[in-house]
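This briefing goes through one protein chain by topic. The sequence and the structure come first, and the notes follow.

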Amino acid sequence: MSLQGEFAEIAAMDGRAALVTVIAGRALGAKLLVRADGSTDGGLGDPGLDRVGVEAAEELLWAERSETREAGDSTLFVDVVAPAPRLVVFGAVDYAAALSRLAKAAGWRPFVCDPRSQFATRERFPDAEDVIAAWPEDAFARLGGIDRATYIAILTHDPKLDDAALSLALRSEAAYVGAMGSRRAQAQRRERLLAMGIDEELLDRIAAPIGLDLGAVSPEETALSIMAEVVAVRNGREGGRLSHAAGRIHEVGA
């Protein structure tokens with residue numbers, strides 16, 4: 001199978017890969033396929049150019065965008081395919097149902113996890129890709145682990161579940177880790193996690209209280225607040241009002 005054919009097959013299977021093509025330079029048309037696991041096939045006609053191509057591909061694979069890159073006398077086009085972003089929600093609560101609905105409407109893949117099987121049911125969360133009745137360690141394992149395109153929202157208010165999920169999420173490559181709760185609850189959680197041996201530097205990764213400051217009250221408004229923050233993080237934005245922002249509204253080529 002050609003590199004272009006394999007790339008198309010990965011895209012059709014909702015996989016993740018980058019196809020780097022020389023669009024200007026001596027090896028015009030040369031291609032390098034970079035898969036999510038770091039393996040490669042093909043080449044760009046020069047070991048140095050291959051290194052540049054792999055570095056660009058590995059960056060853009062997880063940024064989930066395609067770009068051109070200049071590399072000396074050559075120009076590379078890095079074409080990226082990736083599955084819809086994944087939002088893992090811990091806590092089978094009303095907020096999780098509203099968040100799943102909104103995430104699905106926004107083109108994300110929501111998953112709801114909770115060890116309480118009487119609450120973690122498909123009937124309660126019809127918009128979730130899957131509902132997993134398991135403790136965080138087993139739930140993450142069933143999801144295939146945590147990668148750089150995983151966003152995690154912890155909504156339980158249960159210290160046992162919160163702390164178990166956070167201890168795994170904070171040590172992972174997750175793109176986002178958010179947790180619900182008042183500022184007092186956040187301070188208490190922080191003390192518990194420090195006592196568990198979590199580095200203070202890792203604790204600073206937690207977006208808590210979760211979401212943007214919208215004044216949200218209802219589950220639907222709270223879901224909007226959380227999704228707004230998650231989307232902003234995915235796009236490298238702060239989430240402020242556009243009327244107060246400088247620069248482009250959209251990234252070129254996005």
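Leu-202 is in contact with Leu-170 and Arg-171, leaving aside residues up to four places away in sequence. The model is a predicted one. Its chain has 8 helices and 11 strands, and 42% of its 254 residues are buried.

**Overall chain**

- The C-alpha trace spans about 60 × 45 × 35 Å along its principal axes.
- Of the contacts between residues at least 6 apart in sequence, 55% join residues at least 24 apart.

**Around Leu-202**

- Leu-202 belongs to helix α7, which covers residues 200-203.

**The parallel sheet**

- Six strands form an open sheet with parallel pairing, in the order β8-β7-β6-β9-β10-β11.
- At the edges are β8 (130-132) and β11 (206-207), each of which pairs on one side only.
- Strands of a sheet pair through backbone hydrogen bonds, in either the parallel or the antiparallel sense.
- Strand β9, residues 150-154, pairs with β10 in the parallel sense over 4 bridges; Ile-154 stands opposite Ala-179 of β10.
- Strand β10, residues 176-179, pairs with β11 in the parallel sense over 2 bridges, and Val-177 has Ile-206 as its bridge partner in β11.
- In a regular strand, side chains alternate between the two faces of the sheet.
- In β10, Tyr-176 and Gly-178 point one way, while Val-177 and Ala-179 point the other way. These four residues of β10 are all buried.

**Aromatic pairs**

- The whole structure contains 3 aromatic pairs.
- The ring centres of Phe-90 and Phe-140 are 5.1 Å apart and the planes meet at 65°, so this pair counts as edge-to-face; the class applies to angles over 60 degrees.
- Phe-90 is in strand β6 (residues 86-90) and Phe-140 is in helix α4 (residues 136-142), so their pairing ties together parts 50 residues apart in sequence.
- Both Phe-90 and Phe-140 are buried.
- Trp-108, Tyr-151 and Tyr-176 are linked into a cluster by ring pairs.

- The volume of the second largest pocket is about 260 Å³.
- Its lining has 15 residues, and those nearest the centre are Pro-209, Ile-210, Leu-212, Thr-222 and Ser-225.
- By class, the lining divides into 9 nonpolar, 4 polar and 2 charged residues.
- Thr-222 sits in helix α8, residues 219-234. Its relative accessibility is 12%, so Thr-222 counts as buried.
- Leaving aside residues up to four places away in sequence, Thr-222 touches Tyr-95, Met-180, Ala-216 and Val-217.
- Pro-209 is located in the loop between β11 and α8. A cis peptide bond joins Ala-208 to Pro-209, with omega at about -5°.

- Asp-14 is not a glycine, yet its phi is positive at about 60°. Asp-14 falls in the loop between α1 (3-12) and β1 (17-24).
- The relative accessible area of Asp-14 is 44%, so this residue is partly exposed.
- His-157 is not a glycine either, and its phi is positive at about 65°. His-157 falls in the loop between β9 and α5 (159-169).
- The relative accessible area of His-157 is 52%, so this residue is exposed; the exposed class begins over 50%.

How values were computed. Residues are numbered from 1 along each chain as its sequence is written. This is a predicted model: local features need pLDDT of at least 70, side-chain atom pairs count only at pLDDT 80 or more; totals for chains, interfaces and linings use all residues. Side-chain values use heavy atoms; hydrogens and water are left out. Rings of Phe, Tyr and Trp (its six-membered ring) pair if their centres lie within 6.5 Å; planes under 30 degrees apart count as stacked, over 60 as edge-to-face and the rest as tilted. Buried means under 20% relative accessible area, exposed over 50%, partly exposed in between (1.4 Å probe, protein chains only). On a 1 Å grid over the protein atoms alone, a cavity is a set of points where a 1.4 Å probe fits but cannot get out, and a pocket is an open set with protein on both sides within 12 Å along at least five of seven lines; lining residues have an atom within 4 Å of a point. Grid points are joined across faces, edges and corners, and a volume is the space filled by probe spheres set on the points. Ala, Val, Leu, Ile, Met, Phe, Trp, Tyr, Cys and Pro count as nonpolar, Asp, Glu, Lys and Arg as charged, and the others, Gly among them, as polar. Contact means heavy atoms within 4.5 Å. Two strands pair if DSSP finds at least two bridges between them.
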